[in-house]
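Trainee: I am new to this structure and would like a close look at a single part of it. Could you take me slowly through the place where two neighbouring parts come together?

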Amino acid sequence: MNSSPVFYEEPYLKSLEATVVAVTEEGVVLDKTVCYPEGGGQSGDRGSVGGCPLLDTVKGKDGVILHKVEKPSFAVGDTVLVELDWDHRYHYMQMHTAQHVASGIMHSLFSIGTVSVHQGESLLTIETDQDEIPSLTCYAIEDKVNQSVREGHPLRYEVQSQKDVLKLPLRRSVKVESEEVRLVIIQDVDIAACGGLHLANTSEVVLFQYEGQEKLRGHVRLIFSVGKEAKKRIRENKAMVEQLCTLHSAQRDTLLEVETRFMDQVAQTRYLLGKKSERVASLMLSSLVGKADLVKEVPLVLWEVEEDIDMKQVATAFIQVEDLALCAAKVEKGKLLWMVGLAGKASTLVDFNASRKQLLDPISGKGGGKGSLFQGVGTGVPKTFFSSFTKVLYGND
Ligand SMILES: [Zn+2]
């Protein structure tokens with residue numbers, strides 16, 4: 001079993017004919033392959049084998065390259081055409097090469113070390129050894145990488161012994177234990193030991209863009225976009241700004257100012273609307289109290305709360321009333337929101353905690369409270385809750 005790798009000698013080969021050596025649960029083994037297996041922060045290749053979808057390529061036991069083929073329709077001994085999803089592979093080669101350039105430049109010009117790297121579906125991330133990197137430095141790194149891209153530095157490979165490699169100015173120590181080490185040399189930019197796939201020249205990176213940073217294990221992790229993805233993001237951002245300008249009838253230069261003013265107005269309107277709704281809730285409760293039946297001189301209000309009043313406003317209205325047995329409920333986003341308020345003399349009519357099961361079981365309710373106000377969520381309709389509340393109230397009468 002082997003799947004002999006052809007991609008190191010010919011990283012730009014998009015397809016080849018191979019013979020099927022094994023078809024196992026773990027994957028398909030071929031006599032030779034163009035498909036790179038996942039490793040070193042680089043994703044495994046996709047494409048097709050013998051016309052069947054190739055979902056991933058991984059390294060199995062003993063380093064054998066396994067092709068994860070969906071429903072293989074071929075058998076051992078067959079000759080199959082292996083075709084790469086070239087867009088996918090090429091983007092990874094671009095991200096990987098850009099990472100070498102960036103790590104080399106960060107090391108030599110900014111004294112920033114690379115701890116780990118990851119090439120995602122769309123973005124490249126580099127975990128650094130720093131706990132803080134100012135934006136200005138990140139943009140300076142971006143500029144320097146793009147300069148190397150414009151200058152077009154060729155890449156070449158050298159295989160050297162571990163002993164000889166120790167004498168070279170590598171930016172990071174060699175992680176493999178093999179006798180021989182494969183070095184990736186980007187002329188005047190970077191030398192590193194690496195078993196991944198790269199471009200032939202830095203010019204093929206096309207574009208390198210700083211997208212932001214996040215914290216990982218106390219380190220700054222820098223986020224970059226590369227090549228077509230970088231272009232796509234620039235265009236998406238431009239389209240977003242244009243849409244915002246249209247929405248706010250603003251020019252690009254004044255967009256931020258207009259947006260800030262708009263958000264202030266939204267906050268002010270929300271505040272005033274909240275105050276108005278509080279008054280409406282208070283007036284509605286007063287009206288309900290005025291019409292309410294009395295239970296031992298205490299008004300009983302069963303309130304199916306309107307859509308435009310929220311339970312917080314019901315609570316605010318409730319605490320202003322002296323004697324009241326309130327049972328309020330509404331359905332919101334498929335949930336039943338419930339509230340029980342026992343103000344003044346009402347607290348002698350119902351002991352919420354003692355009647356909790358009887359009140360909440362019919363609506364599978366959860367929640368609680370303290371003092372005179374209890375609330376939570378459940379399922380079903382307000383009527384069910386009102387019915388269990390009145391049962392408790394009159395049952396205790
Ligand atoms: Zn590499």
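Mentor: The protein is divided into domain 1 (4-84), domain 2 (90-235) and domain 3 (278-395), with bounds that come from an automatic or database domain assignment. This is a predicted model, in which local features need pLDDT of at least 70 and side-chain atom pairs count only at pLDDT 80 or more, while totals for chains, interfaces and linings use all residues. Residues are numbered from 1 along each chain as its sequence is written, and side-chain values use heavy atoms, with hydrogens and water left out.

Turning to domain 1 and domain 2, their C-alpha centres lie 27 Å apart, and the contact between them (heavy atoms within 4.5 Å) takes 10 residues from domain 1 and 16 residues from domain 2. The area buried between these two domains is about 1,100 Å², with carbon and sulfur atoms giving 51% of it; buried area is the accessible area (1.4 Å probe) that two parts lose on being put together, summed over both. Of the area that domain 1 buries against domain 2, Tyr8, Tyr12 and Gln42 supply 49%, more than any other three residues.

Between domain 1 and domain 2 the count is 1 salt bridge, a term for a side-chain nitrogen of Lys or Arg within 4 Å of a carboxyl oxygen of Asp or Glu. The side chains of Arg46 and Glu121 meet in a salt bridge, at 2.5 Å from N to O.
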